[in-house]
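Subject: Structure for you to look at

Hello,

Please find the structure below, followed by notes on what was found in it.

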Amino acid sequence: MSGTTTMTAAADQGPQTPGSSGASGAKRALDVPSRASRLARASGRQLLCFVIAAFVFAAPLVYLFLQSFKTFTGFLQDPTGSPHPWTKQNFGGAWSAGDFGREMINSLIYAVIPVTITLTLGVFLAFPISRGWFRHSNVLYSFFIFSGFLPGGLIPLFIEARALHLYNSMPGYLLMVSLSGAGFFFFVGYIKGIPREIDEAAALDGCGYIRFIFRIIIPQMKPALATFAIFGFVGAWNNLILPLVMLSDKTLWPVTRGLYSFFGENTQDWPLIAAGTFIVAAPILLLFILLQRFLVEGVAGGAAFGTQGVAKAAAEQGDE
Amino acid sequence: MSRCPFGTSRTRRFIPWASIAIPGIGWLLFGLYPSVATIGYSFTRYSGLPGTPLNYCGFCNYTTAFTALSGEVWPAIKTTLIYVAGVTILQTAVGLGLAMLLNRPGRSYTFYRALIFMPQIFSVAVVGTIFALILDPVMGPAENLWHGVFHSTSAFLGDNSLALPLVMLVNIWMFSGYSMLIYIAGLRNIPKPVYEAAALDGAGKWRVFRHVTWPLLAPATTVNVFLTAMGTLGEYALILVLTGGNFGTKTLGLYMYDSAFGGNSQLGYGSMLAILQFGLTLVIGGGLLFGLRRREIQL
Amino acid sequence: MSIRRPVAIAVVTVVAATTAAACSSSKSSGSGSSGPKETLTVAEWTNPGAVDFTKALNAQFEKAHPGVTVNFQNTSTANGAWGQLSTSLLQSKSVDVLAQFAPTQKAFPPSFTNIKPGGPAALIEAGQLVDLKDQPFMKNYDLTAQQAAVGYNGGVYGVMAAEYAGAGSIWYKKDLIAKYNMTVPTTFSEFLADCAQLKAAGKTPIFLAGKVGMQGGIWQGIENQTLMAGKQPTDSVQVSSDRANAFWQGTQNWNAQTYKDIGAKYQQVMQYIEPAASGVDQQTAPGIWAVKTDDYPFLLDGSWDSATILKANPKLNAGLFVLPGTDNAADNRVPVKPDLTWVVPTSAPHKDLAMQWLAMFSDPANYQSWLKATGSMSTEPAVSNTGTSWMDWLNQHTSDSFVQLTTPWIPQGASNDAAGPDYYKLSPIGSDSLDTILNRSASAYTKSIGK
């Protein structure tokens, strides 16, 4: 929490706020040349950063986005130019062709519920290990880490899901995804940073274990959890193969599953594909914009190690 | 070993076990079991299709991979190593550069950081789509740029010497925001007084970086190098959508995918390659951790 | 503090979503009251024309069989999605009619090779697919072609419903070549002369998607016609298996003179392709080709892309012919490749319905519109794809077409080179010379069979 406030406070003093520079400038009139050169350097850096961020990192995404406003023939005749005529019909077409409405809701369920459960279970898994309550906590820890690199097995997982009656059912799918993602043992490092004295004090006060985790530990881990939540959500949202294999009923499909049929039916209609892509990506973009400020803190707080673990696990599930 | 302070004297012993029971069982069921089964499949010629025989064959797949029969495994390992080394070094360098540039207060910098971080929230299929469009030699904008600079044409992803570097660049484009973030986290952990002392000594910018910042960033470098290397070792989805593994881009991960799921669905052989991949990951991961930790101590 | 808002949003959405899901599930279970209800599951990979047709056929089937709903599953073949879907449907024993790529006879190597079949061939060998040979609707099809595609030990384990002109098939712009007073070439020399003339006129004669290896079609076209020269069309399965045997016995290999000649012709054609073709993706090639009406007279692509080409430029006057690979016009026949094949798994819960669905599919009127939608060549002798203007040349050349030759048997784990020349490495796409490539393939093949 304190990290958030410092960040926002710092943001207010940022070099690009023109009002503050005017006021302080009057006080230090003598510094004018150096101040001017500093300003020049600051705006030079601003410019450089802008160019890198916009022209290297954002431009390819914008390029795809622009395509979605073209007609198919307009695109073929002038692939690199700006759209003429502009059309919004690709978005409408993609939306109705893919039955994206219901699929969006399903995708939200498949992303939010498992991420919430996995994060909670992850804390329960990580806490005793990081506190060293087991005889060989370190061995357990390294075992978990290396098991994360074991190859996955989609076909055995599928056979198992059928045997356990988890196939083609929303609760079954949620159960499987929530439990298989127990990769949050990477919280271990983060929890080690929370002083042990808190445990002792809470226990002396008669605070129960579960209540302690929910009331004391989880609030302390907010940045780490937010970071994980973003990666977990993105991974679950982009997951294609697992829903493809586990959910055969159309009413259960997430949006990626629909998108894949849609892609196949319109293989070469790039404007339509671009529109479909952005419809599917819009919720993640929104979530990212809402939570992105926590990312830096989460990573700074030691969650870095785990984040990749989640991203990797999610990616593995998604790609197999 | 320390003791759990929670619960009564009777329940105290069980609380830690109860705490890890549900996630632990879930992991055994849905995480470890499928992996172990994969190891099992690697000793068969199983097609992966229901109702077809397992065709147990001992170490047949392993001998195939390591005898003269296979001309694919060794080149794939070589490509993987080039890919991993190239992406790891470049992405870490780019991440460091971006972190040095963008570790500033201010809304605009927050915005730039967000833009740089954004590519990785899109799925690999989307990123593949974008670059297939941009790098198309007949209708992509990259062609116009290339023609303007070199006055010639290029096949980009269809060029035997350009394809692998280009796939590596796309990989770096996608994930360098992450490396940047880790370095920013590292920079914020460096106490201010250290810099003030260096400034008093009259050290120039480069010297401050060389002798203060870089050594103190060692833990962040460790994390970046390790994570990037581990992440790229298993990469195949991005390569698949960009080049299909052609033009010298067939990594071990892609070869595995191709064998297990492409065309003739030879799950047994593909599983063996997955185990090889795991072995390679262990060796490289272990080596890196050992080397990086030693470096941290020396710095 | 600011984390609270997204969390609240998330909670609201979850609640809304669960209620919405509950609503929809109660709705679907409520409709079960109207007598016995059965669901027939049909699955195929996504191909624009095929999916539209199948949807229409399903509607027709539901109308003819009250109380039956058709559950239609499809997904793109990209990223292995289709393979995963079909495996999981088979595994769950819930699919009745399933599309598979025709295995052809190459997929069943003799037992002395000790090669285990994969894909649909593995299913057939393990008795997982129903033998359809005696089904009444099979009378509509040409039995020889069906046996070549999905036959095994006298049975026929599927309905091969689509076959395409693939090897060496070339789309052309009728108006553009008419401008240069050309007609469809009938010999290899004539084709080269046409290309030379077009190039001299400032055109780039051939467009193709080299990134996915479409250039292989030139090689395969020439190879098929060369190896089939003087043979009956029905001999093609025998020619394939003779070659496979000769390779396995070591009496023939990739560095034989035949392949050097084929390779030399391949390289002659390749000098007329778009210079940057190796970076062109199949996802863009037909569209770009179709809109550039004044250039690229030829596009190397299969007949399956008709829907895309016509969608990209409905006004284009296009046609399709097969590259004449030899200088004897009579030998330049059309190799056709068996493709989509419907199979019925033995685990299918509704076999009778599946047979009725296939019977409806095979009905000549329905099959005719299937051909139109997919651009496939007909596998029913009584039906032909006459309504389509781009198929005029093909329609005149279907009578003596033959089943495309298959490659020798390749053991698992063998290098790709063993299966023939690597078109990505062979110049002009790659930088290796023809001799290097053929010698590499020959030694890789020899190694792979352990000799």
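Chain B reads α-α-α-α-α-α-α-α-α-α-α-α-α along its sequence, with 13 helices and zero strands. Helices (H or I, at least four residues) and strands (E, at least two) are DSSP runs, numbered from the N terminus. The model is predicted: local features need pLDDT of at least 70, side-chain atom pairs count only at pLDDT 80 or more, and totals for chains, interfaces and linings use all residues. Residues are numbered from 1 along each chain as its sequence is written, while chains are lettered from A and ligands numbered from 1 in the order in which they are written.

The C-alpha trace of chain B spans about 80 × 75 × 35 Å along its principal axes.

Chain C has 16 helices and 14 strands. Its radius of gyration is also given as 24 Å, close to the 22 Å from the globule rule for 451 residues, so chain C is as compact as a globular protein of that length. Its C-alpha atoms fill a box of roughly 70 × 55 × 55 Å, taken along the principal axes.

One sheet in chain C is open and has four strands in the order 9-10-8-11, with mixed pairing. Strand 9 (206–207) and strand 11 (318–322) of chain C are at the edges with a single partner strand each, so one side of each has no neighbour in the sheet. Two strands count as paired if DSSP finds at least two bridges between them. Strand 8 (residues 169–173) and strand 10 (residues 298–300) of chain C pair in the antiparallel sense over three bridges. Tyr172(C) stands opposite Phe298(C) of strand 10.

Next, the contacts between chains. Two residues are in contact if their C-beta atoms, placed from the backbone, lie within 7 Å. Between chains A and B, 71 residues of chain A are in contact with 70 residues of chain B. Helix 16 (residues 270–319) of chain A gives the most to the chain A side, with 17 residues. That side has 46 nonpolar, 16 polar and nine charged residues. Here Ala, Val, Leu, Ile, Met, Phe, Trp, Tyr, Cys and Pro count as nonpolar, Asp, Glu, Lys and Arg as charged, and the others, Gly among them, as polar.

Between chains C and B, 37 residues of chain C are in contact with 43 residues of chain B. The largest share of the chain C side, four residues, comes from helix 3 of chain C. By class, the chain C side divides into 12 nonpolar, 20 polar and five charged residues.

Finally, the confidence values. The predictor gives the complex an ipTM of 0.85 and a pTM of 0.86. Where pLDDT is low, the predicted coordinates should not be read in detail.

Regards

Terms used:
The radius of gyration is taken over C-alpha atoms; the globule rule is 2.2 Å times the number of residues to the power 0.38.
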